[in-house]
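Let's walk through this structure together, one feature at a time. Have the sequence and the 3D view open as we go.

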Amino acid sequence: MSMTPMSSWGRLTRLPHEVTRPPFLDDASSVIASPGKPILCRGLGRSYGDVCLNADGRLLVTDRLDRFQWLDLQAGRLRAEAGMSIDRLLRVIVPRGWFLPVTPGTKLVTLGGAVANDVHGKNHELAGTFGAHVERLGLLRSTGETLTLSRDQNAELFAATVGGLGLTGFIQWVELKLVPIRSARLDTDTLPIKDVDDFFRIAEASRDWPFTVAWVDCLAKGSDLGRGLFMRGRWAETGGLAVHRSPRLGFAPELPGFLLNAVTMRAFNALYRNRPHGLGTRTQHYDPFFYPLDALSSWNRLYGRHGFYQHQSVVPFPAARDSVKRMLETTAAQGQGSFLAVLKLMGDTPSPGVLSFPMEGATLALDFPNKGERTRRLLDTLSDEVLANGGRLYPAKDAVMSPAMFRAGYPGWRTVEAWRDPAFGSDFWRRVTGDAA
């Protein structure tokens, strides 16, 4: 089979893969069972680093495996093939008064990807991770064995598969519980944040809001460190059940590298912070509230042909506040700011997954244009700060985590390795486990 160059969402590298896109589960099963190079399943490729890459190996792309197996609109439960995207699912369930209990910041991910990375959303403090709402999974091992996984059935393998980065086998289908909604709109409130301390004050006062998140100006310094906007929302009672539309802003251009500098980022941050009608209460559709970046197709191209890195970490309490301050100070001092700096609290709801990223504390996400070694040094400095305070990095966003950082943040990784299908592998797993696997 010919090799196809493939990249992750960060566009840092383009690496050769043997790519197949089977149209039916039986075809996918035949590929999984056939001998050959190490294999990895991939959905829509929205992971930022190398967790969705398997260079020089096989890549089974699941986006054509997107059918419902059954849908119970009375009970709000469904089983769908793991290649179904959240985008496609919402188009079916929203007009009928249902929504996902947890959704990440893009709807262009598959159900299988959401399970494999155990994604989280703006309501983590109350709802936990995506995996907390998965009732059962269908898993095919390379031996040909087909298993049903749940908290009660093959429970250890279920825990290794939720958040297991696609390494325990081929997730064939996902069964989950939905939540009812009366409207496709949310009542929202946007508040100004003066500094990091103000963020924690507002976040604590917003515990009765199910959805919360903050954007911060990561180039602000001194008394303005951490200034930004705090956004909170709850489902509205009225407003209809209109589903989202396709992206309105078309295909993003690939910007030249010289435009990605501290001056343009400061200008963007000022415009975003002071945009008209940015503050106060309003009612808005779920699409711009949950998925603002989906309005621009392929927005990752805005970071130029060299791609970009994302640092997303979580630091537990009580170290979280001071650690966030130090990371923002480091970023501002380097002048390698981020257009998209997101700060949020995470709750203590446990995930069933062994390698689930969230923990109770504060999570900070920063995007950085790839400036080579300079950017790598900054990322290493941020990682050292996280490690020193008992935190961890998010594998779905990572491209630089060291083996030591991974093993410290995920002490249960050997459990996943023990359950890993021997025919499966990824660039990420080889990078962070190495000879220790």
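Q: Which residues line the largest cavity?

A: Here's the general idea: rolling a probe the size of a water molecule over the atoms shows where empty space is left. A cavity is a set of points, on a 1 Å grid over the protein atoms alone, where a 1.4 Å probe fits but cannot get out, and lining residues have an atom within 4 Å of a point. In this structure, the lining of the largest cavity is made by Gln310, His311, Gln312, Leu379, Ser383, Leu393, Tyr394, Lys397, Asp398 and Val400. The elements giving two or more residues to that lining are S16 and helix H10 (373-388), and S16 gives the largest share, 3 residues. Helices (H or I, at least four residues) and strands (E, at least two) are DSSP runs, numbered from the N terminus.

Q: What should I know about the model and its numbering before going on?

A: This is a predicted model, where local features need pLDDT of at least 70 and side-chain atom pairs count only at pLDDT 80 or more, while totals for chains, interfaces and linings use all residues. Residues are numbered from 1 along each chain as its sequence is written, and side-chain values use heavy atoms, with hydrogens and water left out.

Q: What sits over the ring of Tyr48?

A: A charge sits over a ring if NZ of Lys or CZ of Arg is within 6 Å of the ring centre and within 35 degrees of the ring normal. For Tyr48, that's the charged end of Lys397, 5.0 Å from the ring centre. Lys397 is also among the residues lining the largest cavity. Another case is Arg79, which lies over the face of Trp173 at 3.7 Å from the ring centre.

Q: How many aromatic pairs are there?

A: Rings of Phe, Tyr and Trp (its six-membered ring) pair if their centres lie within 6.5 Å; planes under 30 degrees apart count as stacked, over 60 as edge-to-face and the rest as tilted. That rule gives 23 aromatic pairs. One of them joins Trp9 and Trp299, edge-to-face, with 5.7 Å centre to centre and 70° between the planes. This pair links distant parts of the chain, 290 residues apart. Ring pairs also link Phe99, Phe211, Trp235, Tyr286, Phe289, Phe290 and Tyr291 into a cluster.

Q: Are Trp9 and Trp299 buried or exposed?

A: Buried means under 20% relative accessible area, exposed over 50%, partly exposed in between (1.4 Å probe, protein chains only). Trp9 and Trp299 are both buried.

Q: Why is helix H2 described as largely enclosed?

A: Of the 8 residues in H2 (residues 86-93), 6 are buried, so the rest of the structure largely encloses this helix. Those buried residues are Ile86, Asp87, Leu89, Leu90, Val92 and Ile93. Their cover includes strand S5 (68-72), strand S6 (77-81) and helix H3 (111-116).

Q: Which residues are on each side of strand S3?

A: In a regular strand the side chains alternate between the two faces of the sheet. In S3 (residues 39-42), Ile39 and Cys41 are on one side, Leu40 and Arg42 on the other, and all are buried.

Methods
Contact = heavy atoms within 4.5 Å. 1 Å grid on protein atoms, 1.4 Å probe; cavity = no way out; pocket = protein on both sides within 12 Å on 5 of 7 lines; lining within 4 Å.
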